[in-house]
Amino acid sequence: MPAEESKLVDPPVDETDVKGKGKQPEIESEEEEDDEPAGQPASAPAEGPAPTDKKKKRSKRKKVKDALTGGSGNSEDDLKKAISNLPKQQLQEMLALNPALASEVAHASGTSNPSPQQAADAMKKLNLQDIMTGLAAGGKNVKEMGSYKFWQTQPVPRFDEKSVKEEGPLRIQTVEEVDKNPAPLVPGYEWVTVDLKDDAEIKEVYELLNGHYVEDDEAMFRFNYSPSILRWAMMAPGWEKRYHIGVRASQSRKLVAFISAIPVNLNVRGKTILCSEVNFLCVHKKLRGKRLAPVLIKEITRVSNLDGVWQGLFTAGIVLPKPISTCRYFHRALDWQKLYECGFSPLPPGSKPQFQVRKYTLPTKTSTKGLRPIKEEDLEQVLSLQLRYNKRYEMSPEFSMEEARHWFIPNVGPGMEQVIWTYVVEDENKKITDFFSFFSVESSVIGNSKHSVVRAAYLFYYGTEVGIKEPEDKPALKARLNELIHDALILAKQHKFDVFNALTLMDNSLFLEQQKFGGGDGQLHYYLFNYRANPIAGGVNAKNQLDDKNLSGIGMVML
């Protein structure tokens with residue numbers, strides 16, 4: 001599911017500063033109130049803080065983070081010492097900014113209202129990476145679900161859990177134990193199954209997401225998922241209509257909430273798990289803060305359980321108990337001038353627009369010999385290459401031939417737009433030695449008189465025989481991936497994309513800086529529901545910087 005849109009905060013090595021926007025559909029959090037019944041609708045739109053309040057919160061957040069990391073470095077001992085010496089006021093501010101962390105601190109200290117010293121001692125017991133991840137995740141941390149009252153009832157790992165001796169499910173059930181009917185909603189609202197084959201109904205989903213899904217903190221950009229990409233994402237092989245769950249207002253029949261899932265066979269450290277890949281959780285802004293998101297999550301869980309699917313996979317921009325991995329967004333300008341005019345890319349101090357345009361200029365032609373668009377007859381080789389390449393990762397999907405066809409072959413029929421681009425490299429012996437792919441998601445530009453959308457390409461899956469050779473030749477792999485991704489940027493530019501986005505998953509850390517990607521402030525946390533597993537590297541180090549020595553173990557790309 002999506003994270004909030006990500007701003008580029010770490011420019012590429014030659015000092016470019018793109019205000020890029022991150023992606024990935026994931027759970028959108030809600031502000032929750034303890035005194036409201038589950039599913040209770042609001043009568044008026046939720047109001048965000050005034051701009052001055054946002055600035056104050058960001059300033060406080062920065063002060064707190066500086067107090068933890070400033071001066072002495074980011075080693076575990078340094079951080080422990082910093083936490084021990086944290087002033088009372090700043091400690092209280094940090095816990096106030098992260099209610100989930102406050103809940104875990106209270107649990108670890110054994111009291112609901114720990115003293116500053118008790119809180120500091122309790123935080124030492126937590127995983128320091130979890131603490132820093134929570135602080136780095138941005139403004140959404142102030143909107144977490146009721147200080148985790150919901151998640152404390154769910155089969156998910158706790159923050160204070162250490163290494164796992166045996167990975168596997170947390171809760172074992174039988175289908176007979178699962179409720180056969182959905183939980184009741186309050187009067188005036190009702191459950192519905194959304195028919196995505198129906199043009200009118202998918203338009204309703206599109207309009208709900210377009211108006212109420214993820215946007216950046218400044219409300220300048222909002223994801224704009226077209227009907228074509230929604231069908232591609234939610235109607236993958238094995239999809240079932242009952243997994244497209246909506247909530248309607250009984251009187252107006254307006255769609256006010258939605259959640260979906262598709263099946264995925266996920267390989268986690270050699271074990272294959274059938275999961276529901278949950279996505280596109282969205283609640284109308286007028287219903288925010290009334291516990292509807294947990295109700296939707298319970299319902300998609302119930303439907304999955306009735307099919308004997310006990311594990312779930314999702315991503316989020318907020319910190320919940322407990323991420324299996326955290327990746328960071330990176331962004332590469334393709335049309336810098338347009339991004340600048342949209343407010344997407346600021347002009348770096350001391351620079352000029354023409355310098356930035358020249359900096360991001362790409363060749364007009366690709367250079368990799370044998371590179372061409374994928375054909376249907378390439379699928380068997382591409383799937384074989386992907387499955388073998390995915391063994392490099394600790395968590396990755398296991399696609400069938402039907403799934404590979406769906407995810408990699410463009411399906412551009414009447415009235416449909418292309419959403420996926422896949423290219424292969426064929427040698428003189430007709431062998432596919434490499435492939436890469438990227439997909440399209442637009443973002444609406446809010447309140448701009450010149451541009452209405454930003455077209456973003458997102459790096460999808462890739463593979464190369466160079467990365468499968470034994471023994472591993474990391475310099476050769478790095479060189480090959482840089483060659484391939486450079487050509488991917490050229491092709492994306494040819495297809496009129498404005499920006500190319502990627503996460504620090506897979507082997508992306510080997511080419512992001514070299515290809516002039518800049519680090520964003522957005523993170524994407526990966527979660528496994530009802531499954532306990534040891535953490536997986538996300539391609540960044542403790543300082544949230546690229547880690548090309550300890551590559552990511554995440555090989556799963558979420559839409």
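**Entry 1: helix α9.** I looked up how well α9 is covered in this predicted model, and found that 13 of its 15 residues are buried, so I noted the helix as mostly covered. Helix α9 takes in residues 292-306, and from its first C-alpha to its last I read a reach of 21 Å, close to the 21 Å expected at 1.5 Å a residue. Following α9 comes Gly308, and I wrote down its positive phi, near 75 degrees.

**Entry 2: α12 against α13.** I next turned to helix α12 (residues 379-389) and helix α13 (residues 401-408), which pack with their axes 10 Å apart and at an angle of about 100 degrees. That angle makes α12 roughly perpendicular to α13, because the range of 65 to 115 degrees counts as such. On the α12 side I listed Leu379, Glu380, Val382, Leu383 and Gln386, and these meet Met401, Ala404, Arg405 and Phe408 of α13. Sorted by class, the contact of α12 with α13 has 6 nonpolar residues, 1 polar residue and 2 charged residues.

Glu167 pairs with Arg269, and the closest N and O atoms are 2.5 Å apart. I placed Glu167 in the loop between α6 (128-136) and β2 (189-193), and Arg269 in the loop between β5 (255-268) and β6 (271-283), so this pair ties together parts that are 102 residues apart in sequence. Glu167 is buried at a relative accessible area of 13%, whereas Arg269, at 31%, counts as partly exposed.

Arg231 forms a salt bridge with Asp199, where I read 2.9 Å between the closest N and O atoms. Arg231 belongs to helix α8 (residues 227-234) and Asp199 to helix α7 (residues 199-212), so the pair ties together parts 32 residues apart in sequence. For accessibility I noted Arg231 as partly exposed at 25%, and Asp199 as exposed at 56%.

The side chains of Glu465 and Lys431 also meet in a salt bridge, at 3.9 Å from N to O. This pair links distant parts of the chain, 34 residues apart, with Glu465 in the loop between β13 (453-464) and α14 (474-494) and Lys431 in the loop between β11 (420-426) and β12 (432-445). Glu465 counts as buried at 15% relative accessibility, while Lys431 is partly exposed at 40%.

Last, I checked for shared partners, and found that salt bridges join Glu167, Arg269 and Glu394 into one network.

How values were computed: Residues are numbered from 1 along each chain as its sequence is written. This is a predicted model: local features need pLDDT of at least 70, side-chain atom pairs count only at pLDDT 80 or more; totals for chains, interfaces and linings use all residues. Side-chain values use heavy atoms; hydrogens and water are left out. Axes are lines fitted to C-alpha atoms, for helices over the stretch in contact, and angles run from 0 to 180 degrees between N-to-C directions. Helices (H or I, at least four residues) and strands (E, at least two) are DSSP runs, numbered from the N terminus. Angles under 35 degrees count as roughly parallel, over 145 as roughly antiparallel, 65 to 115 as roughly perpendicular and the rest as oblique. Contact means heavy atoms within 4.5 Å. Ala, Val, Leu, Ile, Met, Phe, Trp, Tyr, Cys and Pro count as nonpolar, Asp, Glu, Lys and Arg as charged, and the others, Gly among them, as polar. The expected span of a helix is 1.5 Å times one less than its number of residues. Buried means under 20% relative accessible area, exposed over 50%, partly exposed in between (1.4 Å probe, protein chains only). A salt bridge is a side-chain nitrogen of Lys or Arg within 4 Å of a carboxyl oxygen of Asp or Glu.
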